[in-house]
Amino acid sequence: MYINITFADTQIMELRLFNSLGKSKEVFRSKNGNVVTVYCCGPTVYDYAHIGNLRTFLFEDILTRYLEYKGYEIKFVMNITDVDDKTISSSRKYNTTLKDYTEKFTNEFFKDLKSLNIKEASLYPRATEYIQDIENHIIKLQNEGYCYESEGSYYFSINKFAGYGRLSGLEINESKNKTRLNEDEYTKDNAQDFALWKSWDSEDGDVYWEGKLGKGRPGWHIECSVMSTKILGNEIDIHAGGVDLIFPHHENEIAQTEAVTKKQFVKYWIHAEHLIVEGKKMSKSEGNFFTLRDLLDKGYDANHIRFLLIASHYRSQLNFTFDGIKQAKENIDRIQESYSKVKSLETETGCNRVLSEITKGSIDSFEDAMDDDLDMPVALASIFRFVRDLNKYLDDNEVLEENKSEVLDYFKKINSILGVLSNETIRLDDEVMQLIKERDEAREKKDWKKSDKIRDELSKRGYVVEDTEKGTRIKRNQE
Ligand SMILES: [Zn+2]
């Protein structure tokens with residue numbers, strides 16, 4: 001027995017994340033001991049989220065779940081962009097108020113998160129709740145000389161901010177800007193300057209605020225700078241989003257924030273890659289554009305979609321295919337089957353030492369992979385290796401009492417990240433719960449006709465009902 005394993009242990013336990021700022025894997029160290037502040041750019045609620053958006057939100061779910069797994073306390077904020085060009089023009093198109101329009105799609109977004117078993121953030125601030133703070137921030141930028149007014153709009157002057165381009169690696173090309181400037185950007189000093197506050201025009205209809213900056217509304221970028229620092233403080237541990245947000249959104253967020261705070265805004269910038277569908281860029285004109293509800297309407301299961309969307313490395317492009325959903329189902333079933341077998345196993349006392357070592361080693365392999373920049377493909381490979389080994393012990397009746405609790409602990413751990421196994425975490429929606437209750441009541445009254453009808457309804461929704469001595473058991477239909 002070797003006792004001196006402290007060094008190796010510390011090495012294993014360190015989480016490394018790929019920081020887009022600096023473009024390398026870095027050991028994660030939170031600024032504030034055990035507490036980690038995480039800000040993720042949320043949806044613009046003018047339509048249903050598409051699966052590419054959802055891939056990013058699922059990656060952020062894995063990130064925050066794993067930080068919690070590592071013992072951190074997470075303060076996780078995701079904003080809701082409820083005012084911008086798209087929300088305004090869509091609400092006008094459908095002849096409804098901006099508030100009603102965005103409320104509908106905010107609720108649909110929350111439904112998607114629930115279906116995909118994405119854990120709730122600590123807070124979902126809406127941009128329209130922070131207008132005064134946004135105005136105050138812009139005034140500070142103006143006082144510091146980073147912002148100028150032109151025809152009632154306020155712009156950030158990127159030439160004034162020395163670090164502009166640090167995140168994206170983009171250089172400000174003066175000559176190119178001058179050409180573009182001559183073409184169409186008359187109101188800006190520099191074509192790459194971006195709006196902090198847009199003065200009202202007729203396209204905005206009744207959407208405007210009339211405060212310190214005059215009649216208008218905030219630009220998109222400033223919303224995130226203000227909400228993130230207001231809620232999480234001037235120095236945030238992790239800021240995440242899709243790669244498409246690196247430029248200009250996140251570059252602009254850094255400029256606007258650091259120009260005022262004079263502190264490093266974010267320590268780790270983490271970005272998830274794009275998703276393509278059957279090898280092609282997703283687009284409405286190609287007919288390969290999908291929201292979650294599109295897939296659920298086609299009869300696919302949210303759990304399988306979750307698995308498919310988390311199974312690739314977050315920094316690789318994900319090729320979403322319908323075959324992939326089927327494979328995801330098979331993969332979940334493989335893990336679920338072993339898990340369920342162990343759960344219902346009647347064990348004899350004792351411990352199979354070899355299986356015990358395999359179980360512990362498999363936890364280590366899983367954690368090593370996740371510690372290495374959340375390497376999900378490697379983590380999943382280790383899980384399938386373990387399941388294959390475990391199945392042999394199950395076939396040989398070699399899973400003993402102590403093994404059972406170790407193995408159940410293993411599944412509990414991996415599922416705290418994967419979030420796809422049922423039983424302990426069986427996720428029944430409120431309507432299904434209500435149906436079960438109604439069926440139990442019908443059975444008590446011996447109203448068999450009604451109880452059968454409800455059973456058929458549950459079956460349609462993909463659940464099998466079993467009546468046992470201990471009461472009603474419900475499980476997902478395997479088909
Ligand atoms: Zn943002």
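Start with helix H3: its buried residues pack against helix H4 (98-115) and S9. Keep in mind that this is a predicted model.

**Stop 1: helix H3**

Select residues 85-93 to show H3. Thr87, Ile88, Ser90 and Ser91 are the buried residues of this helix. An α-helix has 3.6 residues a turn, so residues three or four places apart point the same way. Now step past the end of H3 to Asn95, whose phi is positive, near 55 degrees.

**Stop 2: the whole chain**

Zoom out. The protein chain has 479 residues, and 49% of them count as buried. Its secondary structure comes to 16 helices and 16 strands. The C-alpha trace spans about 80 × 65 × 40 Å along its principal axes. Take the contacts in the chain with a separation of 6 or more: residues 24 or more positions apart account for 75% of them.

**Stop 3: a hairpin**

Select residues 16-19 for strand S1 and residues 24-27 for strand S2. The two strands pair in the antiparallel sense, over 4 bridges. Arg16 stands opposite Val27 in S2. Together S1 and S2 form a hairpin, with 4 residues between them. Click on Gly22 in the turn: its phi is positive, about 110 degrees.

**Stop 4: the five-stranded sheet**

In what order do the 5 strands of the open sheet stand? The order is S5-S6-S7-S9-S8, and the pairing is antiparallel. Strand S5 (147-150) and strand S8 (209-211) stand at the edges. Each has a single partner strand, so one side of each is left without a neighbour in the sheet. Neighbouring strands here are turned by 35 degrees against each other on average, direction ignored.

Next, pick out strand S6 (residues 153-156) and strand S7 (residues 194-199). They run antiparallel and are joined by 3 bridges. Phe156 has Phe194 in S7 as its bridge partner.

**Stop 5: the zinc ion**

Which protein atoms are the donors of the zinc ion? Select Cys41 (SG), Cys224 (SG), His249 (NE2) and Glu253 (OE). They lie 2.0 to 2.7 Å from the zinc ion. Along the chain, the donors follow the spacing C-x182-C-x24-H-x3-E. Cys224 is in helix H7 (residues 220-232) and His249 is in helix H8 (residues 246-261). These two residues are 25 residues apart, and the pair links distant parts of the chain. Both Cys224 and His249 are buried.

Check the angles among the 4 donor atoms: they run from 72 to 129 degrees, and the site is irregular. Ideal angles for four tetrahedral donors are 109.5 degrees.

**Stop 6: cysteines**

How many disulfides does the structure hold? The count is 0. Select Cys147, which is in no disulfide. The nearest cysteine sulfur is that of Cys224, 18 Å away. Cys147 counts as buried because its relative accessibility is 9%, under the 20% cut-off. Cys224 counts as buried too, at 0% relative accessibility.

**Stop 7: the three-stranded sheet**

Look now for an open sheet of 3 strands in the order S13-S12-S14. Its pairing is mixed. S13 and strand S14 (318-320) stand at the edges. Each has a single partner strand, so one side of each is left without a neighbour in the sheet.

Select strand S12, residues 275-277. S12 and S13 pair in the antiparallel sense over 2 bridges. Val277 stands opposite Lys280 in S13. Now show helix H2, residues 51-69. H2 packs on the sheet and touches S12 and S14. The direction of H2 makes about 140 degrees with that of S12.

**Stop 8: Thr291**

Finish at Thr291, in the loop between strand S13 (280-281) and helix H9 (292-297). Is Thr291 buried or exposed? Thr291 is buried, with a relative accessible area of 7%. Leaving aside residues up to four places away in sequence, Thr291 touches Tyr48, Ala49, His50 and Ile51.

Key. Residues numbered from 1 in each chain as written. Predicted model: local features only at pLDDT ≥ 70, side-chain atom pairs only at ≥ 80, totals over all residues. Heavy atoms only, no water. Pairing = 2+ DSSP bridges. Disulfide = S-S within 2.5 Å. Buried < 20%, exposed > 50% of the residue type's maximum accessible area, 1.4 Å probe, protein only. Axes fitted to C-alpha atoms, helices over the stretch in contact; angles between N-to-C directions. Donors = N, O, S within 2.8 Å, 3.2 Å for Na, K, Ca; no water. Tetrahedral: all angles 85-135°; square planar, octahedral: opposite > 155°, others 65-115°. Contact = heavy atoms within 4.5 Å.
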